[in-house]
Amino acid sequence: MIKNPITTSIFDLFKIGPGPSSSHTIGPMKASYDFLKELNALSASQVNASMQIRIHLYGSLSATGKGHGTDRAVIAGLLGWTPEACDPVLFSNLLKDITEQYPVKVHEIEIPISAESIVFEKVKYDSPYANTMVLKLIQDDIVVLQHEYYSVGGGFIYRKGQKVSASTATPQYPYTNMKELKSLLQSHNLTLSELMYANEIALTGATRKEIDKKLDAILDFMHKAVKRGLKDKRMLPGTIKLRRKAPLLYEKAKKLALTSDSFLIFLNAYCLAASEENAAGNIVVTAPTSGASGVIPGITYLLKNHFHYSPNEMREGMLAAAAVGFLVKHNASISGAEMGCMGEIGSASAMAAAMLTYCATKSIHAMESAAEIAIEHHLGMTCDPIGGYVQIPCIERNAMGAVKAYNAFLLATAGDSSLQKISLDSVIKVMKATGRDMSKKYKETSEAGLALSATEC
């Protein structure tokens, strides 16, 4: 009996929502939306219009929340907005006027909130997770309702004290690491995609046809982000005044289409395009996070439009990517606030390397080697965004992560993958230990590294 097997749905890993950060934007929006539901679970007699709502942000939610849109996300969730249905234009307009008040509807009563309702705490908070937020309903300085939430990366949230779901759904083929996954494939004579489909069906009740439809939709959202980013030449929001590079790079790639380097220039353009869309606060797919939402979209756009892979091959590649993402999330973390950028770009690069390798070889051993190589060469990567914006170095890191993924694929398939000395399970353990040892200054707080050494201009 496998203890605590992976029970994450593919579509919890790949989520649709507004940029620029899944942990700072999608997570807080989901948390405040949950708090709205808890408010409405109170009896009508417990609520009146003189009450106040206060939101306290801690950790990197406080340190870089302004640049990441955390304050807008909290307001959006309390207004009843959800990430997958959020209008990015309306979202970006929230709090443009810091004096504006927004009505939070609890039963038939409206409680006003504004920028003053959100407190970016500078003190250390005793919490099991780096990104913590506390939401309170207050009446005359007395707390009527309070919940503590943790944003743990990729848009995943936990609520302190929340009871585990009563659902008894379990995966058909339970595993916790790559060794167990490979054993299952061998003992049951399964392909990786067959196992992934079976587990998703067992966990969610979805049919194979429904899963395929959702995978196609996720790929479509990714590729729409790439296409928008290749055309949009507007400056990115924020004080850095960063101009987009993807459209210019794409035009350059087309002029060099017959040269040996052209496909790499195209790949860079595709990754930058999706990542710049994320930085602009537009709709992207967490893969596994918003900060890393340019890597897999860039790779899949390349596979579809240059390698001409079939829809079924693309789906199988996404399943391989999800399998690696599950392993990292379960045994380390995909959160930049916990792992630094190796948790975001490193994970995305490993997922992309797995996708490339599985699509080309269908070999679980080669896929493992490629994913391991990709993570290994992101170990220790810091998360040090300038000004708290997901722009520098985040956007270019998506392109570099994709190129590393492609090279990991080449290294894993050009030789004998059985000669690889380091296993994926081992490197994920190293990743977790490295993240634990890394100074918090380099974990999404903008307190060190490029965030301090570069001048905004």
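Visitor: What should I know before we start?
Guide: Residues are numbered from 1 along each chain as its sequence is written. As this is a predicted model, local features need pLDDT of at least 70 and side-chain atom pairs count only at pLDDT 80 or more, while totals for chains, interfaces and linings use all residues, and side-chain values use heavy atoms, with hydrogens and water left out.

Visitor: How many residues of strand E2 are buried?
Guide: Strands here are DSSP runs of E with at least two residues, and helices are runs of H or I with at least four, numbered from the N terminus. Buried means under 20% relative accessible area (1.4 Å probe, protein chains only). E2 covers residues 52–58, and the number buried is five of seven.

Visitor: Which strand pairs with E2 in the antiparallel sense?
Guide: Two strands pair if DSSP finds at least two bridges between them. E2 has three bridges to E5, but those two run parallel. Over seven bridges, the antiparallel partner is E6.

Visitor: How far does helix H13 reach from its first C-alpha to its last?
Guide: The expected span is 1.5 Å times one less than the number of residues. H13 has 21 residues, with 30 Å expected, and it comes close to that at 31 Å.

Visitor: How many residues of H13 are buried?
Guide: H13 runs over residues 311–331. This helix is mostly covered, and the buried count out of 21 is 16.

Notes: Buried < 20%, exposed > 50% of the residue type's maximum accessible area, 1.4 Å probe, protein only.
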